[in-house]
Amino acid sequence: MAVAGAIIGAAVGGWMNDRFGRKKAILVADFLFFVGAIVMAMAPTPWVIIIGRIFVGLGVGMASMTAPLYISEASPARIRGALVSTNGLLITGGQFLSYLINLAFTKAPGTWRWMLGVAGVPAVVQFVLMLSLPESPRWLYRKNKIDEATAILERIYPSPDHVKEELEALRQSVETEKADEASLGDGSIFMKVRNAWGNDVVRRGLYAGITVQVAQQFVGINTVMYYSPTIVQLAGFASNKTALALSLITSGLNAVGSIVSMLFVDRYGRRRMMLISMIGIIVCLIVLSIMFFAAAAHAPTISRYESTHFGGNSTCSSYVAAPDASSWNCMSCLKASSDCAFCANGDNKYHPGACLSATKEIKTACKAQHRMWYTNGCPSKFGILAVLLLGLYIISYSPGMGTVPWIVNSEIYPLRYRGIGGGMAAVSNWCSNLVVSESFLSLTEALGSAGTFLLFAGFSFIGLIAIFWLVPETKGLPIEEVEKMLEKGFNPIKKKKMKSSENGGSA
C-alpha cells in the first residue's frame, strides 16, 4: 500500500510543484510522512496500519520527485549533479541506518511500534529546517517574483555576471513558455499533461525521463533491496541472522555507490555513468543467473533413509507421492510445495539430506540434531560467490542507475512543465517498482532464481538500448540550455559524427 500511495503522491506532487512551489510541496510531504508514521505506530488494528502506510506512501512519492527538482533549481550548473546525488546518498544512507535502528529495537518493548514511529523523526527535522530555506528561484521567476528570485540567485552565484546570465536565460525561457501558454491555454492538470505530450521539447524530455525511471526499476534493484534476506537464503545461507547481516552489507554498498556518483557525475556526465552502470548490471545478472542455475543443478540429493529418519509422518507428502522421488534433490523438494523443507545431512550439509514437512515441530527436531534447515535455498558451494556478485551488482547499480535518473529528471524539462514532467516520470518509476516487487516471488516460483535474474538481464539490455538512443547528455549545461538542446532533437550517431568531423577539422 505504501507504493500505491507513492504513485498517487508523485502524481499529485507534480501538479503541486507547479502550482504552489517546490518548498511547499516538500513541507506537505514531510507532514504526510509524519502523520503516517504516527498512525502506524499507534495502530490498534491492522487496517489502521494500512492507512498509515498510504499516508507514508503519499509523502514518499511527493518527496521523491520534488527534492531532486528543488536541489537542481537551487544549484550552480557545474556542481548540480553532485548536489542532486547527495539526495540519493541520504536516501541510501537512511536505508542503511534504518536496518541498524530496527536491529536496536528488536529487544525493546513494543518492538514494531518503535520501529514504525521513529520513522517520523527525520520528517520533523526536515520540516523544521525547510522553513529556513528559500523557494526555488526558477519557480519564483516563473511566478513573476523577479526580485525574490534575483536575491536567491545572488546567494547561489558569487559573480554578478553569472546572475545576469541566469536571469537572462530565465527571461527568455519564461517568455517562450508564456507564448505557448497563450496559444494553448492554461487549463486543468489533464490539459497540461496533454499539452506536455504535444510539445516536441517536453515530449523528448519525457522520453528520456520516463526511460531512465522505468529502467531503474526493471534492472531489479528493489527486489534485491526488499528481498535481500530471501535472496541470500536462495544462495544457500539458511540462518535468518546471517541473511539479515549480509543484506545489511548490501544496503551499505548502495550508500557507498551514491558517494561515487557525487564524485564523478559532474566529471564524466550523466549519460556515460548510466551506460557503464547498465553494462555492469547486465554482466552481474547474467553471471548471477549462471551461479543460481549451477547451485540448483548441484543441490544435495534427497535420501529416502534420511527422509524417514524422523518418522514416517515427518516426510513431506509431495515427496512420498512423487513417482520420480529417487531423482529428487533439495531444490526439487523446495519447489514441490511450500509445505516442504530440506533438512541437511548431519555429517556434511552437501551430502544427501531429508525432504520433510515444514512444521515447527519437525524444524525443531531437525535442528536438535545440529542439522541445517532450509526453506528458500539449498546448501551450495556457490553461495559466497553469489553473494559477492550480488554486492558487485549493487556497486554497478548505485553510482549510475541508482542516482542519475533523478538528476536527469530534475533538469531535462522546460520550466513550465518541470513539475508535471517530473511527476509523470516519478509515477512511471513507482508503477514499475510496484510491478517488479509484486511479481518477484511469483517469478522465482515459476522461473526459479536463475530464470528470474536472466529475465532482469533481458530487461536491462532493453533499457541499455533505450538509454543509448533517447537520453542526451546534460552535464554542465544551464537548465535553460537543456531546453534549447532538446529543440534540435537528439541523435547519438549523428552527434558522434559531428564530433569526429570537428576533431578532424581542428587537426
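The model is a predicted one, so please read every value here as computed from its coordinates. A search of the whole structure finds four disulfides, and a search for cavities of 30 Å³ or more finds two. Strand β1 (residues 340-343) is a handy place to begin, as its residues are all buried.

**Strands**

- Along β1, C340 and F342 point one way, while A341 and C343 point the other way.
- In a regular strand the side chains alternate between the two faces of the sheet.
- β1 pairs with strand β2 (residues 354-357) in the antiparallel sense, and four bridges connect them.
- Within that pairing, F342 has C355 of β2 as its bridge partner.
- β1 also runs antiparallel to strand β3 (residues 373-374), to which two bridges join it.
- On the β3 side, W373 is the bridge partner of C343.

**Disulfides**

- Counting bonded cysteines along the chain, the disulfides follow the pattern 1-4, 2-8, 3-6, 5-7.
- A disulfide is a covalent bond between the sulfur atoms of two cysteines.
- C316 is joined to C340 with an S to S distance of 1.8 Å. C316 sits in the loop between α16 (304-308) and α17 (317-321) and C340 in strand β1, so this pair ties together parts 24 residues apart in sequence.
- C333 is joined to C355 with an S to S distance of 2.2 Å. Helix α18 (residues 330-336) holds C333 and strand β2 holds C355, so the pair links distant parts of the chain, 22 residues apart.
- The link of C333 and C355 is right-handed, with 85° about the S-S bond.
- C333 is buried at a relative accessible area of 0%, and C355 counts as buried at 0% relative accessibility.
- C343 and C366 form a disulfide with their sulfur atoms 2.1 Å apart. Because C343 lies in strand β1 and C366 in helix α19 (residues 360-368), the pair ties together parts that are 23 residues apart in sequence.
- The link of C343 and C366 is right-handed too, with 95° about the S-S bond, and both cysteines are buried.

**Other residues to look at**

- C284 is buried, with a relative accessible area of 4%, whereas C431 counts as partly exposed at 32% relative accessibility.
- T211 belongs to helix α11 (residues 200-218).
- T211 counts as buried because its relative accessibility is 15%, with under 20% as the cut-off.
- Leaving aside residues up to four places away in sequence, T211 touches L206, A466, I467 and L470.

**Cavities**

- Rolling a probe the size of a water molecule over the atoms shows where empty space is left.
- The largest cavity has a volume of about 60 Å³.
- Its lining consists of M65, P68, L69, Q213, W406, N409, S410, R418, G422, A425 and A426.
- Those lining residues divide into six nonpolar, four polar and one charged.
- At least two lining residues come from each of α3 (46-73), α21 (404-411) and α22 (418-470).
- α22 gives the most to this lining, with four residues.

Terms used. Residues numbered from 1 in each chain as written. Predicted model: local features only at pLDDT ≥ 70, side-chain atom pairs only at ≥ 80, totals over all residues. Heavy atoms only, no water. 1 Å grid on protein atoms, 1.4 Å probe; cavity = no way out; pocket = protein on both sides within 12 Å on 5 of 7 lines; lining within 4 Å. Points joined across faces, edges and corners; volume = space filled by probe spheres on them. Nonpolar A, V, L, I, M, F, W, Y, C, P; charged D, E, K, R; others polar. Buried < 20%, exposed > 50% of the residue type's maximum accessible area, 1.4 Å probe, protein only. Pairing = 2+ DSSP bridges. Contact = heavy atoms within 4.5 Å. Disulfide = S-S within 2.5 Å.
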